[in-house]
Amino acid sequence: MADLAGVSRSAVSRTFTPGASVALETREKVLEAATTLGYQVNDLARGLLANRSRLVGLVVTKPEVGFRAHLVASLSRALIRRGNIPFLIDTGSSEQEMQAAQAALFGYRAEATIILSGSPPASFAELARRNGQPLVMIGRAEADRDHVRTDNRRAAARAAAIFVRSGMNRLAVAGSASGTPSIVEREDAFVEAAERLGAAVRIARGSDTDYAGGQEAAAVLLGLRPRPEAIFCVNDLMALGLMDAARSRFGCRIPQDLSVIGFDDIPEASWDAYRLTTFRQDPEEIAARAIGQLERRLSDPEAAPSTVQLESVFIARDSAHLGRPDDAE
């Protein structure tokens with residue numbers, strides 16, 4: 001490249017070194033030569049030499065499923081804008097897969113780690129701490145860590161109040177055996193609020209927080225006599241599975257026979273086949289707040305742990321009766 005540009009090798013090096021001094025004419029010659037040769041700086045190699053890889057690990061279980069897929073996409077875009085290289089670590093489900101994921105994450109000297117949802121085991125957080133990595137947790141409950149969380153309890157309690165105000169007192173929760181912190185919060189808060197309002201509540205848990213899990217919960221809840229009048233689903237993907245099962249297997253009309261409220265507001269929730277009433281989590285806002293937490297930790301490694309709590313927005317559609325006009329606000 002130096003020969004093509006007609007400059008010295010040191011001039012080429014300075015051109016691609018941020019902050020280095022190089023004459024404008026020299027820079028233009030080098031960049032023109034780089035374009036001709038199709039040259040691209042190896043930022044990863046440069047970062048490793050400087051002991052700063054710019055890699056940020058995104059640790060998640062089943063990143064392709066539901067809201068997590070949209071959050072991974074939002075985080076990836078935000079990290080790229082920041083100049084980082086997102087590095088997706090799918091923890092898998094077996095012990096062998098998790099060990100391989102841990103080896104990959106810490107073998108590449110990532111600059112920081114972001115752990116999404118409650119599914120990845122706590123061992124990832126502990127390894128990040130022992131390796132001295134800045135760590136941001138999304139939707140989890142570990143102490144002494146930087147967090148970004150959604151106020152699950154307030155939303156779930158509001159769902160119970162909406163059902164009761166609409167005159168429905170046989171309520172149910174479609175939950176999940178996954179037992180992650182967010183899921184447990186939503187289940188518990190809904191039950192507590194409903195019982196406080198005098199409603200009876202049944203709980204059925206699918207094997208996972210996915211479409212199939214929603215169908216599993218529907219098979220239990222809609223087989224009861226009398227059936228629930230309204231069901232709160234701990235996420236939208238379960239709600240979609242439950243709604244399809246309610247219609248096809250049990251002959252339920254929604255919302256005439258059964259009201260359904262979900263959580264997340266994934267794009268499919270607005271589809272004509274569902275028109276799901278739900279609570280929206282904004283993946284772009286969560287990603288921005290996670291980057292803010294990361295930058296705060298990188299700038300002051302000794303700062304006290306911080307938690308950012310976000311409100312979810314109620315989205316009224318057609319799957320649930322609304323008891324009062326202000327329920328739609």
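Is the crossing of H8 and H9 right-handed or left-handed? The crossing of H8 and H9 is right-handed; a crossing is right-handed if the near helix is turned clockwise from the far one by less than a right angle, and left-handed if anticlockwise.

## Model and overall content

This is a predicted model, in which local features need pLDDT of at least 70, side-chain atom pairs count only at pLDDT 80 or more, and totals for chains, interfaces and linings use all residues. Residues are numbered from 1 along each chain as its sequence is written, and side-chain values use heavy atoms, with hydrogens and water left out.

The protein has 12 helices and 12 strands, taken as DSSP runs (helices H or I, at least four residues; strands E, at least two) numbered from the N terminus. Of its 329 residues, 50% count as buried (under 20% relative accessible area with a 1.4 Å probe, protein chains only; exposed is over 50%, partly exposed in between). Among contacts (heavy atoms within 4.5 Å) with a separation of 6 or more, 68% join residues 24 or more positions apart.

## Helices H8 and H9

The axes of H8 (residues 152-165) and H9 (residues 181-196) come within 8 Å and cross at roughly 35°. Axes are lines fitted to C-alpha atoms, for helices over the stretch in contact, with angles from 0 to 180 degrees between N-to-C directions. Residues of H8 in the contact include Ala156, Ala160 and Phe163, and those of H9 include Arg186, Ala189 and Phe190. By class, this contact has 9 nonpolar, 2 polar and 5 charged residues (Ala, Val, Leu, Ile, Met, Phe, Trp, Tyr, Cys and Pro are nonpolar, Asp, Glu, Lys and Arg charged, the others, Gly among them, polar).

## Helices H10 and H11

H10 (residues 211-221) packs on H11 at an angle of about 45°, with the axes 6 Å apart. That makes H10 oblique to H11 (angles under 35 degrees are roughly parallel, over 145 roughly antiparallel, 65 to 115 roughly perpendicular, the rest oblique). This crossing of H10 and H11 is right-handed. The residues in contact divide into 10 nonpolar, 4 polar and 2 charged.

H5 (residues 66-82) has 17 residues and reaches 25 Å from first to last C-alpha, close to the 24 Å expected (1.5 Å times one less than the number of residues). Its buried residues include Phe67, Leu71 and Leu75. Their cover includes strands E1 (55-60) and E2 (85-90) and helices H11 (236-250) and H12. Just after H5, Gly83 takes a positive phi of about 95°.

Glu285 lies in H12 (residues 283-299) and is partly exposed, with a relative accessible area of 32%. Glu285 and Leu75 are 210 residues apart in sequence and 9.7 Å apart in space, C-alpha to C-alpha.
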